Amino acid sequence: MENKKWKRFGSCLMALAMVLSGTALPASAATPGKDGSAEMNEAYAAHESLMPIGPSFSVATLLEWTPESDPDARYSRASIPMANREGGFVVNPKANPEAKLMLCSLANSSHDTTSSQGTENFMSWSFNYWQYTDSFVYWSGSEEGLICCPTGEFTDAAHTNGVPVVATLGFPWGSGSGYAEEVDAFCQKAEDGSFPVADKLLEVMDYYGFDGYFFNQESFGCSAEIASRLDEMIRYMRAKCPDILISWYDSMLPSGGVSYQNAVNSSNQRWMERSDDGSVGINEFFMNYNWYTGQISTTVSTMNSINRSPFDAYAGLDVQQNGMNTPFRDELLVDEDGKLKLSIALYCPNSTLGNSANGAQFHEVEQDFYVNSASDPRVEVANVSSPTWLGMSRFFADKTPILSTPFVTSFNSGHGVGYYVNGELSRDNEWSYQSVQDVMPTWTWIIDSDGSKLDGGYDFTDAYNGGTSIQFYGDLDANKANDIMLYSTDVAVTDGMTLSLTAKNDDGKARLVAYYGDDSTASYEECETVAYDLTASEADTWTTTVVDISDHAGKTLYAIGLKVESDTAVSDYHINLGQLAILDQDRAALSGPTSVALDEILYHNAYDAEARIYWDAVDGAASYEIYKVNANGTSNLIMETPNTAFYLPTLVRDFDEDDVTLKVVPVNANGVRGEGTELIIDWLYSNEDSEVYEPKEFENVCLGATVTGYSGQNESEPASKAIDGTSLNGSKWCVTNAETGYMDIDIGREVKVRRWRVEHAQYGGEDVLMNTVDFALEYKNASGGWVEAKRIQHNTAAVTDVLLDEPVTAQEWRLRIYDDGTSPWGGIRIYEWQMFETAEFPQTEPVSIQFAAAENGTGANDTFTLKNVPAGQTVKVYTKSGSEYNKIGEAVAESGTVTITGLNFGTQEAGRIYYTTTATGSAESIKLSASFEAENAAKSEAARDVTAKLIHSLARLALPTVATSIFLLR
């Protein structure tokens, strides 16, 4: 497998006020990681960001790890234990309940630069088809080293649905310097017979809450002795942790060499053989992709010969580049009954995101991928020998985690464009936090009718709790019911049990349906179905229906559905489902946490900051909602989390507020909100301390353009992704192995372009060697010929953002690639192509206030110092009188620190001066400020140095649990 090397980018503006709890600050590991830094989260260590990232290690840093050494530990852990689950009645006769599906997914396109808790973007890989999935490999890479652990949000989402999650052990491919030595160090055996790395791996797994490891060992030059020791180490891990999930990629042989067998055979079967006590080391074997009839037959016979299930072997399918157009050869994997003979592993199924125009369409693409183009898991849309993508439901039987009560779902898909609380919009911006994902419908969709059939889908414009509701819409024929199956369940019905549904606009035509049976029931068709009328409601009003199902105590609830029927024909019927619950008893609202603490806060400017908060766990809480309390007493949701610690990427103080109040509200297992506990943050800055940052939007004329031609494209990374306005989640135009090429667009009108921007591979999180080296912008003239507007050569930068030599007016444009880059993994990689009719550039992001210091010397001997300034940026210093700013000095940064001397602040008293930064080709930043003391006052050190010293000295003290604030000098 290709293991890309991810690079970190500098973080945004922010200023520092650190807040410490009673716990001492974590110590850093002494040994540098693969990136040369001893810090796992370098941006945090440099006081540039509070964003937590998922853990990752080299062998050396792993051995030094403790929970205290990770400053992100409490924010990066999973919070939800793995649910039990069972297979329901099989709805597709060709699906094999024994076959298993492994997803090896690039869930985070850049592990090292993505929050471990979630993001503020709707366009995200919010995976919902866990019912067909048996294991989830968090496939990612890190500059820290070969061990890349899952972020808590994806582990939580998988565990909610009963799916285990494993970390990636990504040994680099090839014969590079030190590669074999690292494998050797990885499996070193101590004199007492233990494996120190294995012990640490188990400790890390237990602490962060995931379930195992995926071994991707592709380093050349290892000996048979190293391979034997690695095998022994894996079996050692199994003995110490019998429930661990260990997955293996078809690469290293027991002889030590790397040779892809595309099968389990006599050359590699040792990895899968049982130990003397009957136990196994490796659970799952990911076969390389070039399997054919012989390899499949050999795998089945080999697995049977070593007393292993053939379904522990997974035929690998790489869908990264071409998605559903990937040649599958699925006819080779099925027996004479059309059922799978072994399991399947999908590499990079997150490619569905590359085929999606937005977060809502992503789920439509996912439905085609995992169900089929007919949107019905029961049907086979084509023969296995055809090139048509059949969908995973054709091969795999669904499984359900709904085995007991209480069960509550608000159909929350894990991301949205807003967040609703009891049907009211409480957060009005995008988000993606997979930890709050609900169990989504088992079937998308099973809808039967003798008349017109309704369509089903997600609705992101309305929800009850969360960001999504389920909608059914279409025409109804008179007296022709639509029978809709929603969830597979396996719940024993008891006295007092209730079933409830919150819906909107049912118009008296929908009923909630329960499917009851017993141990003799063999299918959903054999179930007793009972339809319950919904409570009458007004139009556009969420209404909850609660039915007591005690009459069926002793039976099993096998499924839940909906029946929609009208005695007259209806056009454009539309019903939304907001919440579904199965409850065994009432549960009282909970009291709020006993305390909520501000862990740390970094101010961006006088009006917004980022912060970390945590609180005491509340017994019985399933999740917690975090609100900002407004000056008028109303509240707006920031986010919900199952964790007891949360990172707030944007915390805003309104102009008329002196402080900021947060509130944490526990939600119990029945979905009932409790009392809130408030945290008041005494805001450090006032309105005079900085300008308001109001980003100026420039029209990118490439947005909405039509791609009219291209030299090539990967099916899941098409040319259209270069003009979709985002580089997030791997959105790019990619042509694998192409050194040269082009793509053409028609904007639909003539535009006069002055500014041209291209975002290359590194901007999207890939290696710098993948950046486009030589490329040009061309336009079509009146004669139909292509004319070069500007060419860039010898490029190494992640972003090209330049003015054209002269404005060019045209309707059709071409991006021509002359040299794709210098990486051995060749290919065109363009994340964004943007053009603007303005010659203006965005404002420079200012260097954070934490790095600024001012000293008021005698007379005109004042000094201003600014650290962490990117080379080439211009720093300007101003005094302020009333509303007027007067520039008193400037300098260009040659290194990270700019010191401007000989200034005159214009006063002998304490005060404040202002500064900006300006990057080449960008507009001047907003003005931030730095305080200074009176001329005769004792001089202090630079604010950042003083703060750091105070932090570390206080961390050594036995502080009380009440948070202590460390303020910058003002």
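Start by selecting strands E44, E45 and E48, which form an open three-stranded sheet in that order with antiparallel pairing. Strands are DSSP runs of E, at least two residues long, numbered from the N terminus, and two of them pair if DSSP finds at least two bridges between them. This is a predicted model, where local features need pLDDT of at least 70, side-chain atom pairs count only at pLDDT 80 or more, and totals for chains, interfaces and linings use all residues. Residues are numbered from 1 along each chain as its sequence is written, and side-chain values use heavy atoms, with hydrogens and water left out.

E44 (852–855) and E48 (898–903) are the edge strands, each pairing on one side only. Next, select residues 862–866, strand E45, which four bridges join to E48. Here Leu866 stands opposite Val898 of E48.

Move to the open sheet of five strands, ordered E19-E22-E27-E24-E25 and paired antiparallel. One side of E19 (446–448) and one side of E25 (528–533) is left without a neighbour in the sheet, because each of these edge strands has a single partner. Select E24 (510–517) to see its six antiparallel bridges to E25; Arg511 stands opposite Asp533 in E25.

Finally, select Leu106, Asn350, Glu717, Asn729 and Gly730, which lie nearest the centre of the largest cavity, among 22 lining residues. A cavity is a set of points on a 1 Å grid over the protein atoms alone where a 1.4 Å probe fits but cannot get out; lining residues have an atom within 4 Å of a point. The largest cavity holds about 260 Å³ of space, the volume being that filled by probe spheres set on the points, which are joined across faces, edges and corners.

How values were computed
1 Å grid on protein atoms, 1.4 Å probe; cavity = no way out; pocket = protein on both sides within 12 Å on 5 of 7 lines; lining within 4 Å.
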